[in-house]
Amino acid sequence: MIDYKGTLYAHLAKYKTERLGIPQQGAWTDRKGEIHYYDHILPDGLEYLNLLESIRAEMRAYLAANPGIKLHKDFKHLNSSQAFAFNLFFPYFTGGVASATALGKALGLDMDVASEGWQFEEVQDENTNVDVVWHSQAGQKVFCEVKLSEAEFGKATDDPTHRDKLRDIYQPRLEGLVSPDLLEPATFFAHYQLLRNVSLLHANANSHLVILFPRANAALFPQLKRVLAGINTDHRHRIHVAHVEDAIDALCACETLAPELRAHVSALKEKYVPNSAGQSLEN
């Protein structure tokens with residue numbers, strides 16, 4: 001049985017050949033320094049073809065004007081979650097209030113999105129980045145964690161350095177937000193990235209967290225369910241689980257979008273949604 005990652009890789013390899021016209025494989029270097037070649041990776045020098053054509057020039061100009069945003073090492077991989085985030089958010093957030101709000105609603109947020117103040121890779125404490133951050137017109141801040149083909153949310157090593165961070169940073173922030181069992185070291189470090197994201201909500205009672213990933217990527221559900229089960233009921237409404245397929249379908253159905261944005265979401269669907277079924281969080 002082919003898992004989601006295998007399905008997506010095969011789909012993107014076909015996309016690279018048929019849509020981009022690039023039959024050559026791209027190289028990936030593993031931790032041992034050995035080079036491997038894969039069909040879903042773009043050849044060196046062609047990494048910007050990972051940006052959809054409708055925004056490619058504008059997104060490259062944006063990156064040039066914002067040098068603090070660094071491309072990830074694997075940006076030339078067609079399954080790059082960073083490239084996906086750029087392709088999804090950039091045209092709608094630069095298109096004005098109506099298109100930004102349409103995207104927010106597609107992600108399950110019933111709020112008018114401000115056309116300014118959004119940012120990719122916003123730097124938080126400890127020099128960690130949040131994939132996308134934006135604000136509502138009422139001043140609510142939204143943090144968004146984006147996953148695509150990753151098989152898990154990040155974990156951390158249970159070592160003295162991370163235990164110090166748990167004691168000094170995350171435990172004070174998360175107390176009242178999550179159940180005490182999630183702050184036990186073994187559990188906390190097994191769900192480190194998710195709980196670090198939840199901890200961002202401590203500073204502002206009106207802030208929200210969106211966790212966006214494909215419904216078909218079933219490997220991410222166990223960690224997410226475990227963390228959501230431990231969220232304090234007074235704060236659970238501030239955490240939103242959004243699925244790539246649902247968000248794209250909602251944008252496809254939004255008749256108020258400008259024609260160019262409707263065309264763009266069709267290109268998003270062609271690239272990122274293989275013909276595969278997934279489960280729901282409730283399953």
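I started at Gly-68, which is exposed, with a relative accessible area of 67%. My cut-offs here: buried is under 20% relative accessible area, exposed is over 50%, and partly exposed is in between, with a 1.4 Å probe and protein chains only. Gly-68 sits in the loop between α2 (56–65) and α3. I name helices (H or I, at least four residues) and strands (E, at least two) from DSSP runs, numbered from the N terminus. From Gly-68 to Val-123, the C-alpha distance is 9.5 Å, though 55 residues separate them in sequence.

**Ground rules.** I am working on a predicted model, where local features need pLDDT of at least 70 and side-chain atom pairs count only at pLDDT 80 or more, while totals for chains, interfaces and linings use all residues. Residue numbers start from 1 along each chain as its sequence is written, and side-chain values use heavy atoms, with hydrogens and water left out.

**The open sheet.** Which order do the strands take in the open sheet? I read β3-β4-β5-β6-β7, 5 strands with mixed pairing. The strands at the edges are β3 (119–123) and β7, each pairing on one side only. Direction ignored, neighbouring strands of this sheet are turned by 35° against each other on average. I count two strands as paired if DSSP finds at least two bridges between them. A reminder to myself: strands of a sheet pair through backbone hydrogen bonds, either parallel or antiparallel.

**β3, β4 and β5.** I followed the antiparallel part next. β3 and β4 are joined in that sense by 4 bridges, and Val-123 has Asn-129 in β4 as its bridge partner. Strand β4 (residues 129–135) and strand β5 (residues 141–146) are also antiparallel, over 4 bridges. Here I found Val-133 opposite Phe-143 in β5, and Val-132 bridged to Cys-144. β4 and β5 make a hairpin with 5 residues between them, and Gly-139 in the turn has a positive phi of about 95°. Is β4 enclosed or open? Of its 7 residues, 5 are buried, so β4 is largely enclosed by the rest of the structure.

**Glu-121.** I stopped at this one in strand β3.

**β6 and β7.** On this side I found parallel pairing: strand β6 (residues 208–213) and β7 share 5 bridges. Why is β7 (residues 239–243) largely enclosed by the rest of the structure? It is because 4 of its 5 residues are buried.

With helix α8 (residues 221–229) between them in the list, β6 and β7 make a right-handed β-α-β unit. I call a crossover right-handed if, with the strands pointing away from the viewer, the path from the first strand over the helix to the second runs clockwise. Helix α9 (residues 244–252) lies across β6 and β7 and runs at about 75° to β7. For such angles I use axes fitted to C-alpha atoms, for helices over the stretch in contact (heavy atoms within 4.5 Å), and the angles run from 0 to 180 degrees between N-to-C directions.

**Ala-205.** I looked at the loop between α7 (192–199) and β6, where Ala-205 has its place. Ala-205 is exposed, at 64% relative accessible area. Phe-84 is 121 residues from Ala-205 along the chain, and their C-alpha atoms are separated by 29 Å.

**The other hairpin.** β1 and strand β2 (residues 35–38) run antiparallel and are joined by 4 bridges. Thr-29 stands opposite Ile-35 in β2. The hairpin leaves 5 residues between β1 and β2, and Gly-33 in the turn shows a positive phi of about 90°.

**The largest pocket.** I took its volume as about 1000 Å³. The search ran on a 1 Å grid over the protein atoms alone, a pocket being an open set of points where a 1.4 Å probe fits, with protein on both sides within 12 Å along at least five of seven lines; lining residues have an atom within 4 Å of a point. Grid points are joined across faces, edges and corners, and the volume is the space filled by probe spheres set on them.

Which residues lie nearest its centre? Of the 40 lining residues, I noted His-72, Asp-74, Ser-81, Lys-147 and Glu-150. Elements giving two or more residues to the lining include α1 (4–18), β1 (26–29), α3 (81–93) and α5 (160–174). β5 gives the most, with 4 residues.
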